[in-house]
Amino acid sequence: MNIELQPPLIVNTRPTPQAAALTARLRAQHLEVFESPAIEILPIEDLTLLRAALANLAQYQLVVFVSPNAIAQVLAHWQGPWPAATAIGVMGPGSRAALQGRGLTDAHCTIISPQHVDETDAENLRFDSESLLKQLNRPDALPVPLAQARVLVLRGTQGRDLIVEQLHAQGAQVDVVACYQRRAAVFTAAQQAQWHALAQRDRPLILIATSSEGLRNMCAAVDALLGQTGRAWLRRQTIVAPHPRIAEQAKQLGFANIRLSGAGDDSIVEKIVALTTLAAAPAQTNPGKSNTGKISNHRTSSAREMPHMSNKIREVLTQWKSTQWLLLILVALLVLQFIWSRQQVDSLQHEVARRSQESQSMSMETQSYARTAQDLAREMQDRLAVLEANIAQSRSQQAALEQLYQDLSRSRDEWALSEIEQILSVASQQLQLAGNVQGAIIALQAADARLARADRPQFLPLRRVLARDIERLKVLPFVDLAGITLKIDTLIGTIDNLPALADARPPQVKPKEKTPAAPPVKSGKPGDKPAAAISGLENLWQKTRVQIAAAWDEMQGDLSNLIQVRKVEQDDALFLMPEQVFYLREHLKLRLLNARLSVLSRNEAAYRADLRAATVWVEKYFDTSQHSVIAAEDTLKQLQASTIVIELPSLSDSLNAVRNFKPVQNEKQK
């Protein structure tokens, strides 16, 4: 009976910028390739350090690129020829190809990589940090000894620190600059559908794992997407790893069929072609002489095709035949284990995924609020700058008016009216820009006092208008902005001391105090022996009873400390990790700081929204039975009851009265 095996699907987990070349080479071999990146490469947001390092590139004797991603990100910001005295260190042929694609070859600069190590056994050659360090320790590798060299390491925000530590140990002066950032890639809707279809069809896969981090990301994403069944299916697939460290990581993740290919796309493609050639051979299983003849013919034809296969293909063929039954037994055991524990593991995975998503969303929200707070702070600085400019303009106007008063000869009434108009203008600006009600009242009272000193009957209508504006300002409610700001600052200072529900500990029950034993009862005469014996038995019984009661009380105290029952309305508040409790407190501080900025900017809607959110978080995540939390809730309620914005009247009536009075006065004087 012929058993047609499904051809394996090649899964390329490289990041998107690097996956295209390898995918094209595999498809040129008539192989089906599915691109599912496990890592997403992103440029860093702050390029200050990178630009500074590139500006001083000629000061370094060696620049180490840890990956082709670092080369792509750095050379995108580099212009001009590479310094001749600065050597380049890379890990393997992929990085060399990336340099060549950017126009940097051995003819333009010194490029140091592990492939230049003089080793007789090519199979032992590794393209990693350790091999690069061996090459750098050669006497002719650099123009100066490594201990005297200044080295620039260009890498991602995460990664191994081995080469940096080894360079420090050699005495080199090392500068580390992050030029890109990595994060776990998220499956698109099309990729999720593809993974579901592959798992349902039990399609055999050959997974290309070019980094340990990418392999971990892929396993976590597929396990979360497909559950326990998908996890067991994924662990049965074949892993092709270019480095022993990645193979060891795959083994720790539960993969059994792991193949080392060697570094470089050539080695990876060669290994995959060998594996797919093996999988394409049909398997025939049926006892009998006729079938034996077919098997012999198949082996004979295969033997004629073997000479063009490499030694690695023959080795894989032998290992595959010897491990078929072991794989079948392993799959059967995994299926039995899955049937037994599917419900429990699925529920646990869903819970872990949910909590991880909540933690990630809270972290992203915290970062968003931090950026919002920074934007508000910058906006407040801009408003303060505008206010200072207005004040400076007011002062310059006042100085110009004073100079004008000195240059022009006017009557006492004109001087008084001009002075009152200036006072009212300043008071109106203070009232509209800064909401300074008291300053406006003082200015109006000063204007009224100036008119009173003039003691002119024609000023009575003007004083009447001023008195009406003064009364309107006096009846306005007082807004204690300084007191509200002080309360918010005091509340922010107590956030770190508020007991959270996740930090609470059950109270210890104090054991009851031991009751002193009753004194022995003496009865009978001294010479009465039976009475003395009875008295001794009574004393013994009393002591025994006291000891039993003490032991019972102690046991009750211990049992009461074993279990404590508490009523919590929000159960997820008890599962916060210490890091999450820290971010919760910082998030609450940011909310209160936003409320404080809203007070200064007189934005009552944002002020009340921030206080409501802070109140909800305090009631949800903190122990409301504690006095400090109760005090914080009372303070928040008081702040919510406070009003920071009132409708301010305009001083236009007084200003118009003064301005209309001046032409009348001038006509009378004429």
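**View A. R235 in helix 8.** R235 has its place in helix 8 (residues 212–235); helices (H or I, at least four residues) and strands (E, at least two) are DSSP runs, numbered from the N terminus. This is a predicted model, in which local features need pLDDT of at least 70 and side-chain atom pairs count only at pLDDT 80 or more, while totals for chains, interfaces and linings use all residues. Residues are numbered from 1 along each chain as its sequence is written, and side-chain values use heavy atoms, with hydrogens and water left out. R235 counts as buried, at 9% relative accessibility; buried means under 20% relative accessible area, exposed over 50%, and partly exposed in between (1.4 Å probe, protein chains only). Leaving aside neighbours within four places in sequence, R235 is in contact with C219, D223, L253, G254, F255 and A256, where contact means heavy atoms within 4.5 Å.

**View B. Helix 7 against helix 8.** Two packed helices are described by the angle between their axes and the distance between the axes. Here helix 7 (residues 189–201) packs on helix 8 at about 25 degrees, with the axes 10 Å apart. Axes are lines fitted to C-alpha atoms, for helices over the stretch in contact, and angles run from 0 to 180 degrees between N-to-C directions. Helix 7 and helix 8 are therefore roughly parallel to each other; angles under 35 degrees count as roughly parallel, over 145 as roughly antiparallel, 65 to 115 as roughly perpendicular and the rest as oblique. Their crossing is left-handed, that is, the near helix is turned anticlockwise from the far one by less than a right angle (clockwise would be right-handed). Look for Q192, W195, H196, L198 and A199 of helix 7, which meet V222, L225, L226, W233 and L234 of helix 8. By class, this contact of helix 7 with helix 8 has eight nonpolar, two polar and no charged residues; Ala, Val, Leu, Ile, Met, Phe, Trp, Tyr, Cys and Pro count as nonpolar, Asp, Glu, Lys and Arg as charged, and the others, Gly among them, as polar.

**View C. Helix 18 against helix 19.** Helix 18 (residues 578–601) and helix 19 (residues 604–621) have axes 8 Å apart and pack at an angle of about 155 degrees. That makes helix 18 roughly antiparallel to helix 19. This crossing, too, is left-handed. Among the residues making the contact are L584, L588 and L592 of helix 18, with Y607, L611 and W617 of helix 19. The contact of helix 18 with helix 19 has 14 nonpolar, three polar and two charged residues by class.

View D. Strand 4 runs antiparallel to strand 9 (residues 173–184), and five bridges join them.

View E. Most residues other than glycine have a negative phi. H30, not a glycine, has a positive phi of about 65 degrees. H30 is found in the loop between helix 1 (16–28) and strand 3 (33–35), and is exposed, with a relative accessible area of 76%. D202, also not a glycine, has a positive phi of about 55 degrees. D202 lies in the loop between helix 7 and strand 10 (205–208) and counts as partly exposed, at 41% relative accessibility.

Conventions: Pairing = 2+ DSSP bridges.
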